[in-house]
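Welcome! Here are some exercises to work through with the structure in view. Try each task before you read its solution.

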Amino acid sequence: MKNKFFDQNGFFVRFMEGFANLVILNLLTLLCCLPIVTSGAALAALHYMVMQIVANEDGKIVSTYFKQFKANLKNATPIALIYIALAVLVVFELRTANQMKSLGTIVTACTFGFIFILLAIFVWVIPLTAKFVYRTGEAFRNALYLAFSKLPRTVSMIIITVIMPVLIVNFPAIWPIGVMLGVSLPVFLCVLIYYPVFKELIEQKEGNEDS
């Protein structure tokens, strides 16, 4: 039993390999996100690599990550720019709401509703861009459809995506964990949630091509 546990294909070795890969991918993603406009491509490459890990198809982590990063620059960068612009708009709206009296609560509530929609689309649009080839508008339409047709999964992914930044901001002591796993771990958990949906989409696409 002990030999099987420490075997090359045993649980402990696979767990440690997966942990190490997530740390490496987290560091690569943080590095590639430094120019903020490339954050979309960095996150798309991360999602692609984690999907490979979940599917037990992980190979050369670093070289494949940078290959996917370059491949996603064209499609993911416009998405990142759109979200950067929308983030600026949201901050402006929240500051405006704080200065208002009677309508401040209404504006704040509407803004948080808008934030929810943005996050709901975000947790799908980056993975879709990583796995499939879409134009920007098509990626957003498909992400919007999945966001509300798979609402329980969407809400779960939003919570997973948001909780780590919130913890890091409020508890600076866990910053080292953020550096090691702050992005890759939430993405890994999200992949576990959305990957079955992607498998269905791929099977449907292959079925349509065969018919």
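**Exercise 1.** Leaving aside its neighbours within four places in sequence, which residues is Cys 33 in contact with?

*Solution.* Start with the ground rules: this is a predicted model, in which local features need pLDDT of at least 70 and side-chain atom pairs count only at pLDDT 80 or more, while totals for chains, interfaces and linings use all residues. Residues are numbered from 1 along each chain as its sequence is written, and side-chain values use heavy atoms, with hydrogens and water left out.

Next, find Cys 33 in the loop between H2 and H3. Helices here are DSSP runs of H or I with at least four residues, strands are runs of E with at least two, and both are numbered from the N terminus. Now look for contacts, meaning heavy atoms within 4.5 Å. With those sequence neighbours set aside, Cys 33 touches Thr 38, Ser 39 and Ala 42.

**Exercise 2.** Is Thr 38 buried or exposed?

*Solution.* First locate Thr 38: it sits in the loop between H2 and helix H3 (39-54). Then apply the cut-offs: buried means under 20% relative accessible area, exposed over 50%, and partly exposed in between (1.4 Å probe, protein chains only). Thr 38 has a relative accessible area of 14%, so Thr 38 is buried. Finally, check its surroundings: leaving aside neighbours within four places in sequence, Thr 38 is in contact with Cys 32, Cys 33, Phe 69 and Leu 73.

**Exercise 3.** At what angle do H2 and H3 pack, and what does this say about their directions?

*Solution.* Axes are lines fitted to C-alpha atoms, for helices over the stretch in contact, and angles run from 0 to 180 degrees between N-to-C directions. H2 and H3 pack at about 165 degrees, with axes 8 Å apart. Angles under 35 degrees count as roughly parallel, over 145 as roughly antiparallel, 65 to 115 as roughly perpendicular and the rest as oblique. H2 and H3 are therefore roughly antiparallel.

Now list the residues in this contact. H2 brings Asn 21, Leu 22, Leu 25, Thr 29 and Cys 32, and H3 brings Ser 39, Ala 42, Leu 43, Leu 46, Met 49, Val 50 and Ile 53. Sort them with Ala, Val, Leu, Ile, Met, Phe, Trp, Tyr, Cys and Pro as nonpolar, Asp, Glu, Lys and Arg as charged, and the others, Gly among them, as polar. The contact of H2 with H3 has nine nonpolar, three polar and no charged residues.

**Exercise 4.** Which residues make the contact between H2 and H4?

*Solution.* The axes of helix H2 (residues 11-32) and helix H4 (residues 61-99) come within 11 Å and cross at roughly 35 degrees. From H2 come Asn 21, Ile 24, Leu 25, Leu 28, Thr 29 and Cys 32, and from H4 come Ile 61, Val 62, Tyr 65, Phe 66 and Phe 69. By class, nine are nonpolar, two polar and none charged.

**Exercise 5.** Which residues touch the most other members of the largest nonpolar core?

*Solution.* A nonpolar core is a set of buried Ala, Val, Leu, Ile, Met, Phe, Trp, Tyr and Cys residues joined through side-chain atoms within 4.5 Å. Of the 50 residues in the largest one, the answer is Leu 25, Tyr 65, Trp 124, Val 125 and Tyr 194. H3 gives the largest share of this core, 10 residues.

To finish, zoom out: the chain has nine helices and zero strands, and 37% of its 211 residues are buried.
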